[in-house]
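Biologist: I would like to learn how to read a model such as this one, feature by feature, with the criteria behind each term stated as we go. Could you take me through it?

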Amino acid sequence: MNIILLGPPGAGKGTQSHRLVAERGMVQLSTGDMLRAARTSGTEMGKQVAAVMDRGELVTDEIVIGLIAEQLDKSSESGFIFDGFPRTLAQADALGELLASKGRRLDAVVEMQVDDDALVARITGRFTCGECGEGYHDTYKPPAVEGTCDRCGAVGAFKRRPDDNEEALRTRLLAYYKDTSPLIGYYYAKNQLKRINGLGEIPEVAARINGAIDG
Ligand code: AMP
């Protein structure tokens, strides 16, 4: 099963992708994570996209389509979760062509609906463990022991994304409404769209996603 998790920044796409990976053995393809990894390893492409990402703007379709194309050759019996990709109509078309060329298909596009005030609250409080990638939140999901990762036990490894500040978030939201939200109509017309309420506790949202993709 290949699915897209679609939604604005802070909708919970990353959190729910991690869960689907753990529970179903699916492979998460997050272009945001790939771009951050390119920055950390200091590749030419990583340097090229750094400032664009920090401002909250979209990087070029060419770069992200290239990243996804490389990954689709990997085998994945349980399927792929596309997280943060596609974000433009051109990327959506390219994904359809890439999947078809590999003999794969898209099974569902899950739109996670979250109101804008909740997004700002979620994003401005979030942080992750730099060792294992576990996600946390100052209010909604603090670690049991301050400064220590519940999952892997790393101490002092928490980090916050440079684009999780109010100004970059406004730009990211604008990019979502301007460039990405047309995908809702696009996948609706293709009869692939499933809409779920993305507000609530992580397990509640998880149950709604399961219902949408298994139903
Ligand atoms: P994310 O982790 O999905 O929030 O992505 C972080 C940033 O990476 C975005 O604000 C963009 O600058 C860039 N990015 C990630 N995925 C894409 C994409 N599919 N198209 C364009 N830019 C992207």
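**Reading sheets, ligand shell and single residues**

Modeller: Let us begin with a sheet: strands S6, S5 and S7 form an open sheet in the order S6-S5-S7, and the pairing is antiparallel. Strand S6 (135-137) and strand S7 (158-159) stand at the edges with a single partner strand each, so one side of each is left without a neighbour in the sheet. Two strands are said to pair if DSSP finds at least two bridges between them, while helices (H or I, at least four residues) and strands (E, at least two) are DSSP runs, numbered from the N terminus.

Biologist: Before we go on, what kind of model is this, and how are its residues numbered?

Modeller: This is a predicted model, in which local features need pLDDT of at least 70 and side-chain atom pairs count only at pLDDT 80 or more, whereas totals for chains, interfaces and linings use all residues. Residues are numbered from 1 along each chain as its sequence is written, and side-chain values use heavy atoms, with hydrogens and water left out.

Biologist: How many bridges join strand S5 to S6?

Modeller: In general, strands of a sheet pair through backbone hydrogen bonds, either parallel or antiparallel. Here, strand S5 (residues 126-129) and S6 run antiparallel and are joined by three bridges, with Arg126 standing opposite His137 in S6.

Biologist: What is the strand order of the parallel sheet?

Modeller: The order is S2-S3-S1-S4-S8, an open sheet of five strands with parallel pairing. Strand S2 (27-30) and S8 stand at the edges, and each has a single partner strand, so one side of each is left without a neighbour in the sheet. Neighbouring strands of this sheet are turned by 25 degrees against each other on average, direction ignored; the axes are lines fitted to C-alpha atoms (for helices over the stretch in contact), and angles run from 0 to 180 degrees between N-to-C directions.

Biologist: Which residues stand opposite each other in this sheet?

Modeller: Going along the order, S2 and strand S3 (residues 80-83) run parallel and are joined by four bridges, with Gln28 opposite Ile81 in S3. Strand S1 (residues 3-6) is likewise joined to S4 by four bridges in a parallel run, and there Leu5 stands opposite Val110 in S4. Five bridges join S4 to strand S8 (residues 193-197), again parallel, and Val109 stands opposite Leu193 in S8.

Biologist: Is strand S4 mostly covered or mostly exposed?

Modeller: Buried means under 20% relative accessible area, exposed means over 50%, and partly exposed lies in between (1.4 Å probe, protein chains only). Strand S4 (residues 108-113) is mostly covered, as five of its six residues are buried.

Biologist: Which residues come nearest to the ligand?

Modeller: A residue is near a molecule if one of its heavy atoms lies within 4 Å of it. There are 16 residues around the ligand, of which Thr31, Arg36, Glu57, Gly84 and Gln91 come nearest. Helix H2 (residues 31-40) gives the most to this shell, with four residues. The shell divides into six nonpolar, four polar and six charged residues, where Ala, Val, Leu, Ile, Met, Phe, Trp, Tyr, Cys and Pro count as nonpolar, Asp, Glu, Lys and Arg as charged, and the others, Gly among them, as polar.

Biologist: Which polar atoms lie by the ligand, and how much of the ligand does the protein cover?

Modeller: A polar side-chain atom of Arg36 lies 2.9 Å from an oxygen atom of the ligand, a polar backbone atom of Gly84 is 3.0 Å from a ligand nitrogen atom, and an N or O atom in the side chain of Arg161 is 3.0 Å from a ligand oxygen atom. The protein covers 96% of the 480 Å² of accessible area that the ligand has on its own, by the Shrake-Rupley method with a 1.4 Å probe (for residues, only the protein chains shown count as cover).

Biologist: Where is the cis peptide bond?

Modeller: A cis peptide bond joins Phe85 and Pro86, with omega about -5 degrees, and Pro86 is placed in the loop between S3 and helix H5 (89-101).

Biologist: Is Asn191 buried or exposed?

Modeller: Asn191 counts as exposed, because its relative accessibility is 72%. Asn191 lies in the loop between helix H8 (182-189) and S8, and has a positive phi of about 65 degrees although it is not a glycine.

Methods: A polar contact is a pair of N or O atoms within 3.5 Å; within protein, one must be able to donate a hydrogen and the other to accept it, and residues adjacent in sequence count only if both atoms are side-chain atoms.
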